[in-house]
Amino acid sequence: MQVEILTPDKSLYAGDADVITLPGINGSFQILDNHAPMIANLAKGQVSIKSGSQEESFSVAGGLVEVLKNKVVVLV
Amino acid sequence: MSNQKEIRARIASTISTQQITKAMKLVSATKLKKASDAIIRMRPYARKLQGIMGNLQDSVDDPSLSVYFQNRDVKKVLFVVISSDRGLCGGFNANVIKRTRTLLEDKYPEQNKAGNVTLLCIGKKAAEYFRKTGVKIDERFIGLFQHLNAETAFEAGDYVLDAYRRGEYDQVELIYNEFKNAATQILSNEVILPITSVATGTHQHNDYIFEPGKIAILQDLVPRSIKTQIYRGMLDSLASEHGARMISMDKATENAGDMLRSLRLAYNQARQAAITREISEIVGGAAALEG
């Protein structure tokens, strides 16, 4: 799936990923390939993206995530 | 002779002025590039926000959000006036000031008379002007352009939202120069609070799962989109400012060139007149000796 992390200032991340872990309002959750369409609120915490053997992590202070057609867009 | 000297001095000073305006133009061109890049970088973010907002449109009549949508009796108004910190950018600031005055006089005359309009000035120039008039101004974010980024802009946005929610203001109006291209700015004013229409446009309805729920998402989304709107206004204004300065400095450089041309012509004429005079004096003197 494709992942994009956007801030109003810049794009923090854009690329493919296998797993993305997000800090949800009610605890953290993961999104895998072919997830159903979803819009979720994010709390303060860490967003980590796993792609193959690589893992990247970003801290966010809340935000939103939209999942649609295997594309994940995180707005922070 | 003294005329020649005077013209020479003027030529020298015009040349140095021209060098300054040329340098300012180049600096503005670089800054314009940076500022317009920032606008382009925030576009995907704004577009996505709008898209999500469109998908949630039908749920916005929820009472806990109504504060942002409700049309209250407009007694107290906040203007967010975005000008620049520096001058020498043509009519840029004058236009903002003029529009603000027009709004005060034509759109909100009663509130203005009652002293219920506050100007939240971002950028020094508008504040400098309105300080001399009787209007209330709020200068807490005046120096925002010194380090403008999403964080500082959102801080200002949070302040506006809080003040509106607490009922300190019933309506918020944003006045700024919208960036079209380097040569064109469109002066805009829009009511940002209460929200009059939710972003429409092309969006498909998808069957989303909402986590934790539509309302919770809207509670985050609505303020976020207003803050984004304010931030966009600031970025637009910044890019417009550099564009306006670039154009006006280009004009100034050109004018200096024209002036130099006519000064050089005058200088040469004066020089030739002096030579002619000297020759005729010599010839006249020689003729007197012969005679």
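Predicted model: local features only at pLDDT ≥ 70, side-chain atom pairs only at ≥ 80, totals over all residues.
1. Because a residue needs 20 or more other C-beta atoms within 10 Å to be buried, B:Asn95, with 17 C-beta neighbours inside 10 Å, counts as partly exposed.

2. Helix α6 of chain B covers residues 150-165, and its 16 residues reach 22 Å from the first C-alpha to the last, close to the 22 Å expected at 1.5 Å a residue. The buried residues of α6(B) are B:Ala150, B:Ala153, B:Ala156, B:Gly157, B:Val160, B:Leu161 and B:Tyr164. Seen down the helix axis, these buried residues of α6(B) fall within an arc of 135°, so they line one face of the helix.

3. The cover over the buried residues of α6(B) includes the strands β1, β2, β4 and β5 of chain B, together with α7 of chain B (214-290). Just after α6(B), B:Gly167 takes a positive phi of about 85°.

4. Turning to the contact between the chains, 22 residues of chain B are in contact with 19 residues of chain A. On the side of chain B that touches chain A, the elements giving two or more residues are α1, β6 and α7 of chain B, and α1(B) gives the most, with seven residues. The residues of this side divide into 14 nonpolar, three polar and five charged.

5. Strand β5 of chain A (residues 38-51) and β6(B) pair in the parallel sense over three bridges, and A:Met38 stands opposite B:Ile209 in β6(B).

Conventions:
Residues numbered from 1 in each chain as written. Chains lettered and ligands numbered in written order. Helix = DSSP H or I, 4+ residues; strand = E, 2+ residues; numbered from the N terminus. Expected span 1.5 Å × (residues − 1). Buried ≥ 20, exposed ≤ 12 C-beta atoms within 10 Å, placed from the backbone. Arc of directions from axis to C-beta. Contact = placed C-beta atoms within 7 Å. Nonpolar A, V, L, I, M, F, W, Y, C, P; charged D, E, K, R; others polar. Pairing = 2+ DSSP bridges.
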